[in-house]
Amino acid sequence: MSFVNINNVRMEGVERAERLLTGISGGADNAIKSAADTAATYMRSVSVKTIQERYAISAKNIRENELVRVNYSFWDGLSVTIRFAGRKIPLYRFNGTTPKQPVVDTSKKKVHIKIDGNWVSVYPSLPVKAHALKSTSPKRLYNSFTARMSNGHVGIFEREDNKKRFPIEEKKNSSVPEMLNNPIVKERLTRETAAKFEEILEQKILDILNGRW
């Protein structure tokens with residue numbers, strides 16, 4: 001799990017909200033939480049773009065493999081903690097993977113492989129090419145193939161002869177938290193999100209004062 005704390009917001013904005021909205025029941029809390037929620041949504045969008053600067057993956061595949069939780073603390077100042085969680089993303093989900101569906105190479109001779117304890121003759125799969133970083137090109141992955149499991153899941157699997165119990169294993173890359181677990185990236189996300197929070201909070205104060213909430 002990775003997390004980013006937005007605890008460096010200017011308290012002047014929060015104090016301004018509490019001061020100007022003191023006569024409106026729940027006004028200050030509404031403005032602060034609404035601004036924090038918008039800032040969290042903004043951070044999620046920026047985090048996707050930040051990941052895509054380095055990794056060859058679509059926004060859809062990032063969002064499908066991340067869990068985002070937002071927690072607030074108003075004790076001794078405002079702190080908003082945004083936590084990113086999620087499992088490692090299958091290599092299949094990254095751009096440039098070929099083939100995208102299981103395909104056998106009928107131009108080759110059949111090979112003998114062991115499936116569920118039985119030896120069978122099958123055509124080999126087409127060679128798989130894949131990569132994760134934008135700075136690299138898809139490369140051939142030896143002993144790997146694209147397959148569809150009985151539950152419908154499609155992925156790139158690697159056959160390892162030295163594994164007795166599990167002869168194949170799905171190839172995966174970094175998780176969203178791992179992609180964001182960089183001090184420079186965290187500092188940038190924190191700074192930009194704090195600025196967005198302050199911008200939205202000011203707008204929310206004006207909206208509530210004008211009856212738009």
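**Close-up views of a predicted model**

**View 1. Residue A31 and its surroundings.** Setting aside neighbours within four places in sequence, A31 is in contact (heavy atoms within 4.5 Å) with L21, L201, K204 and I208. This is a predicted model, in which local features need pLDDT of at least 70 and side-chain atom pairs count only at pLDDT 80 or more, while totals for chains, interfaces and linings use all residues. Residues are numbered from 1 along each chain as its sequence is written, and side-chain values use heavy atoms, with hydrogens and water left out. A31 is part of helix α2; helices (H or I, at least four residues) and strands (E, at least two) are DSSP runs numbered from the N terminus. Because its relative accessibility is 0%, A31 counts as buried; buried means under 20% relative accessible area, exposed over 50%, and partly exposed in between, with a 1.4 Å probe and protein chains only. A distance of 8.7 Å separates the C-alpha atoms of A31 and I200, which are 169 residues apart along the chain.

**View 2. The packing of helices α2 and α5.** Helix α2 (residues 27–54) packs against helix α5 (residues 183–209) at an angle of about 145°, and their axes are 7 Å apart. Axes are lines fitted to C-alpha atoms, for helices over the stretch in contact, and angles run from 0 to 180 degrees between N-to-C directions. The contact of α2 with α5 has 14 nonpolar, 8 polar and 5 charged residues. Here Ala, Val, Leu, Ile, Met, Phe, Trp, Tyr, Cys and Pro count as nonpolar, Asp, Glu, Lys and Arg as charged, and the others, Gly among them, as polar.

**View 3. The nonpolar cores.** The largest nonpolar core has 25 residues, and I51 and F94 have the most contacts inside it. A nonpolar core is a set of buried Ala, Val, Leu, Ile, Met, Phe, Trp, Tyr and Cys residues joined through side-chain atoms within 4.5 Å. At least two residues of this core come from each of α2, β3 (79–85), β6 (128–130), β9, α4 (176–180) and α5. Helix α2 gives the most, with 5 residues. Apart from neighbours within four places in sequence, F94 is in contact with Y55, A56, I57, I89, K100, H131, A132, N173 and M179. A second, separate core of 14 residues includes V14, L21, A39 and I205.

**View 4. The sheet of β8, β9 and β10.** An open sheet is formed by 3 strands in the order β8-β9-β10, with antiparallel pairing; two strands pair if DSSP finds at least two bridges between them. Strands β8 and β10 (168–170) stand at the edges with a single partner strand each, so one side of each is left without a neighbour in the sheet. From one strand to the next, the twist averages 40°.

View 5. Strand β8 (residues 144–148) is mostly covered, with 4 of its 5 residues buried. It is joined by 5 bridges to the antiparallel strand β9 (residues 154–159). The bridge partner of A147 in β9 is G155, and R148 stands opposite V154. The hairpin has 5 residues between the strands, and G152 takes a positive phi near 95°.
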